Amino acid sequence: MECACGKKAVYKGQGGALCQTHFLDSVEKKVERTIHEYGLIKKGDTVCVAASGGKDSLVVLFLVNNYCSSHDIPLFALAVDEGIEGYREHTLTDLKTFCEKGKIALHVVSFKESYGKTLDEIHEKALKQFNKKPCTVCGVFRRTSLNRKAKELGATKLITGHNLDDESQSFLMNVLLGNMSHNASLGPVTGLSDNESFVPRVKPLYFVTEKETRLYCFLKGFKIDFAECPNVHLSFRSRVRDWLNQMESEFPGVKNSVVNAFLSILPDLKSKYKGKKEFKTCERCGDPCSGDVCNACKLEEQLS
Amino acid sequence: MKVYLERTGKEVELRATDGRDLLKQLKIPEAEAILVRNNEVVLPDEALRETDDIHILSVVSGG
């Protein structure tokens, strides 16, 4: 199969077959277009890229770093070490090497420092005593750690490596669980609140598939060790992901259709749910929350 | 042909006419795999040879 330019194709997507040069170019253009179209990064921003060392975060870090360098916008990377033995140490090693090569400042914040325990140490108690899956605890602690540290370091934008696969999964998960109000918080710019305590989270890889980020890494020669979180099989997300990938293989383009369908109703969801939630201040940490105590502080207390 | 699977770290010996046939035998959805031969990407409809060494990169990762 050949690209329109006549060279051997390395990728076949909805837009046709692409050679290496045109594939790399298509991903880069897609990311730049998303940044511009949704105003994800602007002059005057200080950009923090949430990075793990996995394929998506390396691609977003590489592309956003190039963008920021050419637009004279300061950038740094921020990683969370949850303390998952046999998983996170590998991706963090890759990330440190990547940042050293690219001369990107890297900060690391760990669950152990922030909450006194690693996820591995929390895991059993969370599951047995509180029926909380490790992914639930990890999600709350990660979001809180990233926001607090990014804010402390002066970031005005928090970039995440969420891609088209993540977004299609999140949308369907919320539909399947009947959480339509949660879908109002999705989109290229995350969240429903303009509360200044939250650093706005944005997703430049919004229209890039997971397959495209993996191929981009391979063609660019980015070193990534294959790493899958050992807790992934416990998550609802992994079930939805497997089903969507099966559907995508049989009916190419379905993930794209799911995200486009979602985007067509997003303005209605935003207008329906925006401003409906009142924010209080967590009486323990001072972060904005809906109750008297935020989820992270509640979990920290339960699991201490 | 020898097939190395990145996701499991395993190596298997198989016969397949093309990439699509190979993935079907391994029950791996096309959306979850990239096939590589001699450090070059092979698309699912490309023919494979008995003597090929194929690496199957996993698209799925993370948590």
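Modeller: Axes are lines fitted to C-alpha atoms, for helices over the stretch in contact, and angles run from 0 to 180 degrees between N-to-C directions. Helices (H or I, at least four residues) and strands (E, at least two) are DSSP runs, numbered from the N terminus. This is a predicted model, in which local features need pLDDT of at least 70 and side-chain atom pairs count only at pLDDT 80 or more, while totals for chains, interfaces and linings use all residues. Residues are numbered from 1 along each chain as its sequence is written, and chains are lettered from A and ligands numbered from 1 in the order in which they are written.

Colleague: What makes helix 6 of chain A and helix 12 of chain A oblique to each other?

Modeller: The axes of helix 6 (residues 134-152) of chain A and helix 12 (residues 295-303) of chain A cross at roughly 125 degrees and come within 9 Å. Angles under 35 degrees count as roughly parallel, over 145 as roughly antiparallel, 65 to 115 as roughly perpendicular and the rest as oblique. Helix 6 of chain A and helix 12 of chain A are therefore oblique.

Colleague: Which residues make that contact, on helix 6 of chain A and on helix 12 of chain A?

Modeller: Two residues are in contact if their C-beta atoms, placed from the backbone, lie within 7 Å. Helix 6 of chain A contributes Val137(A), Val140(A), Phe141(A) and Thr144(A), and helix 12 of chain A contributes Asn295(A), Ala296(A) and Leu299(A). By class, this contact has five nonpolar, two polar and no charged residues, where Ala, Val, Leu, Ile, Met, Phe, Trp, Tyr, Cys and Pro count as nonpolar, Asp, Glu, Lys and Arg as charged, and the others, Gly among them, as polar.

Colleague: Why is helix 5 of chain A called oblique to helix 6 of chain A?

Modeller: Helix 5 (residues 119-130) of chain A and helix 6 of chain A have axes that cross at roughly 125 degrees and come within 9 Å. That angle makes helix 5 of chain A oblique to helix 6 of chain A. The contact joins Leu119(A), Ile122(A), His123(A), Ala126(A) and Leu127(A) of helix 5 of chain A to Pro134(A), Val137(A) and Cys138(A) of helix 6 of chain A.

Colleague: How is helix 7 of chain A oriented to helix 10 of chain A, and why?

Modeller: Helix 7 (residues 164-176) of chain A and helix 10 (residues 236-250) of chain A pack at about 115 degrees, with their axes 9 Å apart. Helix 7 of chain A and helix 10 of chain A are therefore roughly perpendicular to each other. Among the residues in this contact are Leu172(A) and Met173(A) of helix 7 of chain A and Val240(A) and Leu244(A) of helix 10 of chain A. The contact divides into five nonpolar, two polar and two charged residues.

Colleague: What makes chain B as compact as a globular protein of its length?

Modeller: Chain B has one helix and five strands, in the order β-β-α-β-β-β along the sequence. Its radius of gyration is 11 Å, close to the 11 Å that the globule rule gives for 63 residues, so chain B is as compact as a globular protein of that length. The radius is taken over C-alpha atoms, and the rule is 2.2 Å times the number of residues to the power 0.38.

Colleague: How many residues of chain B are in contact with chain A?

Modeller: 17 residues of chain B are in contact with 22 residues of chain A.
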